[in-house]
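Here is a short report on one protein model. Look through the sequence and structure first, then read on.

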Amino acid sequence: MQNYDVIIVGAGSMGMAAGYYLAKQGVHTLMIDAFDPPHTLGSHHGDTRIIRHAYGEGKQYVPLALRAQQLWSELELASGMPLFAKTGVLNAGPLHCPFLNEIRESAEQYSLPLEVLSANEVMQRWPGINLPADYYGCLEPTSGVLYSENGIRAYRELALAAGATLLTNTPVTQLEPAGNGFIVHTESASYHGDKVLLSAGAWNGSLLDSLGLSIPLTPTRKTVAWFGADESQYSADEFPAFIFRLYDSMFYGFPSFDGSGVKIGRHDGGLAIDPDKLERTFGTYLSDEGDVRSFLEAYMPGAAGPLRQGKVCIYTMTPDEHFVIDRHPEHPQLVFAAGFSGHGFKFASAIGEATSQLLVEGASSLDLSMFSWKRFS
């Protein structure tokens with residue numbers, strides 16, 4: 001049986017990044033994935049993700065976001081791939097919205113650039129937006145858009161060049177504690193790892209359950225769609241990425257890159273699913289297109305053109321929508337990263353680095369205490 005210093009189970013967003021940072025240090029690393037990343041069967045496809053620094057989900061995320069941005073920039077230079085477009089990010093919502101209040105407070109605490117705009121000022125700057133009078137906007141001019149699949153490709157190429165091994169289309173069937181390490185079983189072979197990183201996305205829950213650790217992780221079916229739009233108003237050269245926190249829902253989207261149309265998704269809601277039985281056909285439910293089209297018709301009517309394409313992906317939700325990054329309480333040689341709840345990809349670079357530090361050095365340079373599994377115990 002081959003032995004590795006670290007085996008990564010799930011080489012998607014977090015796992016592929018961790019594989020690079022481990023291999024870069026000379027750690028003998030095996031990455032195993034059930035598919036062939038980047039792929040369309042998890043949570044990282046669909047071309048683009050928003051990265052923002054002033055964080056409405058909690059100002060505790062800001063140091064992680066800033067480190068992630070720095071690492072994405074370093075990866076872009078090292079790989080030569082385009083990974084980031086500084087479109088700015090517009091957050092909009094009602095006056096006194098807690099999400100926007102948290103953005104403003106985090107920007108103030110960390111001295112982040114932020115423009116606070118009235119509804120009229122938003123509509124004057126971007127005529128393609130229609131806002132109610134009791135809404136306002138917060139623009140982060142230095143934030144923008146990550147090319148998510150390029151990010152996975154870049155980490156994959158550099159991890160392999162640094163000496164990591166990658167097994168694709170190889171589902172892990174069992175994690176077996178073995179002394180101070182683990183035996184990782186697949187259908188065709190087994191491998192011994194002194195340490196393991198479990199970063200298998202929607203499949204984390206079942207693997208953790210098999211090790212006696214039950215964490216409330218709910219895989220959820222989500223969709224995104226691209227619509228034909230007025231390029232003079234919604235082109236990425238002029239229009240920001242955006243998040244709209246409405247009274248009863250939350251939508252996010254992207255400007256049109258190279259005429260692709262405006263991409264739009266709904267953050268809240270979705271159907272709880274078994275990831276092995278996911279209905280992956282966009283349009284199966286009326287809400288797949290209906291929810292996002294209704295939003296565009298109300299708030300960005302010039303972007304509510306013909307449906308260009310739609311895709312299905314997975315959020316893996318925790319009850320509080322915060323992540324879970326920790327050690328297994330009975331098997332501390334296993335670190336897991338789970339429950340990224342639809343807002344985790346932007347942090348993949350920093351979480352990859354942080355988990356590599358947990359595995360090699362025993363602690364991360366960033367404070368991960370808010371992501372402990374113990375809050376659910």
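Is R266 buried, exposed or partly exposed? R266 counts as partly exposed, because its relative accessibility is 24%. Here buried means under 20% relative accessible area, exposed means over 50%, and partly exposed lies in between (1.4 Å probe, protein chains only).

This is a predicted model: local features need pLDDT of at least 70, side-chain atom pairs count only at pLDDT 80 or more, and totals for chains, interfaces and linings use all residues. Residues are numbered from 1 along each chain as its sequence is written, and side-chain values use heavy atoms, with hydrogens and water left out.

**Salt bridges**

Side chains of opposite charge can pair when their charged atoms come close. A salt bridge is a side-chain nitrogen of Lys or Arg within 4 Å of a carboxyl oxygen of Asp or Glu. By this rule the model has 12 salt bridges. The table gives some of them.

| Pair | Closest N and O atoms |
|---|---|
| R52 and E57 | 2.8 Å |
| R67 and E353 | 2.6 Å |
| D268 and R266 | 2.9 Å |

The R67 and E353 pair links distant parts of the chain. R67 sits in helix α2 (residues 62-79) and E353 in helix α9 (residues 348-360), 286 residues apart. Helices (H or I, at least four residues) and strands (E, at least two) are DSSP runs, numbered from the N terminus. R67 is partly exposed, at 22% relative accessibility. E353 is buried, with a relative accessible area of 11%.

R52 counts as buried, at 3% relative accessibility. D268 is partly exposed, at 24%. K59, E102 and E105 are linked in a network of salt bridges.

**Where α2 meets α9**

These two helices also pack against each other. Their axes are 7 Å apart, and the angle is about 95°. Axes are lines fitted to C-alpha atoms, for helices over the stretch in contact, and angles run from 0 to 180 degrees between N-to-C directions. α2 and α9 are therefore roughly perpendicular to each other, a label for angles of 65 to 115 degrees; under 35 is roughly parallel, over 145 roughly antiparallel, and the rest oblique.

Which residues of α2 meet α9? They are L64, R67, A68, L71 and W72. On the α9 side are A348, S349, A350, I351 and E353. Contact means heavy atoms within 4.5 Å. By class, this contact has 7 nonpolar, 1 polar and 2 charged residues. Ala, Val, Leu, Ile, Met, Phe, Trp, Tyr, Cys and Pro count as nonpolar, Asp, Glu, Lys and Arg as charged, and the others, Gly among them, as polar.

Strand β11 covers residues 181-186. It is largely enclosed by the rest of the structure, because 6 of its 6 residues are buried. In a regular strand the side chains alternate between the two faces of the sheet. From β11, G181, I183 and H185 point one way. F182, V184 and T186 point the other way.

Strand β10 (residues 172-178) and β11 pair in the antiparallel sense over 6 bridges. Two strands pair if DSSP finds at least two bridges between them. β10 and β11 form a hairpin with 2 residues between the strands, where G179 takes a positive phi near 65°. Strand β12 (residues 190-198) also runs antiparallel to β11, joined by 4 bridges. This hairpin has 3 residues between its strands.

What stands opposite H185? Q174 does. In β12, the bridge partner of H185 is S190.

**An open sheet**

Another set of 3 strands forms an open sheet, in the order β3-β8-β4, with antiparallel pairing. β3 (48-51) and β4 (84-85) stand at the edges, each with a single partner strand, so one side of each is left without a neighbour in the sheet. β3 and strand β8 (residues 144-147) are joined by 4 bridges. Within this pair, I51 stands opposite G144. Helix α5 (residues 148-161) lies across β3 and β8, running at about 50° to β8.

**Two single residues**

N91 is found in strand β5 (residues 89-94). N91 is buried, with a relative accessible area of 0%. Not counting residues up to four places away in sequence, N91 touches F99, L100, I103, Y136, G137, C138, E140 and I243.

G26 lies in the loop between α1 (13-24) and β2 (29-32). G26 counts as exposed, at 62% relative accessibility.
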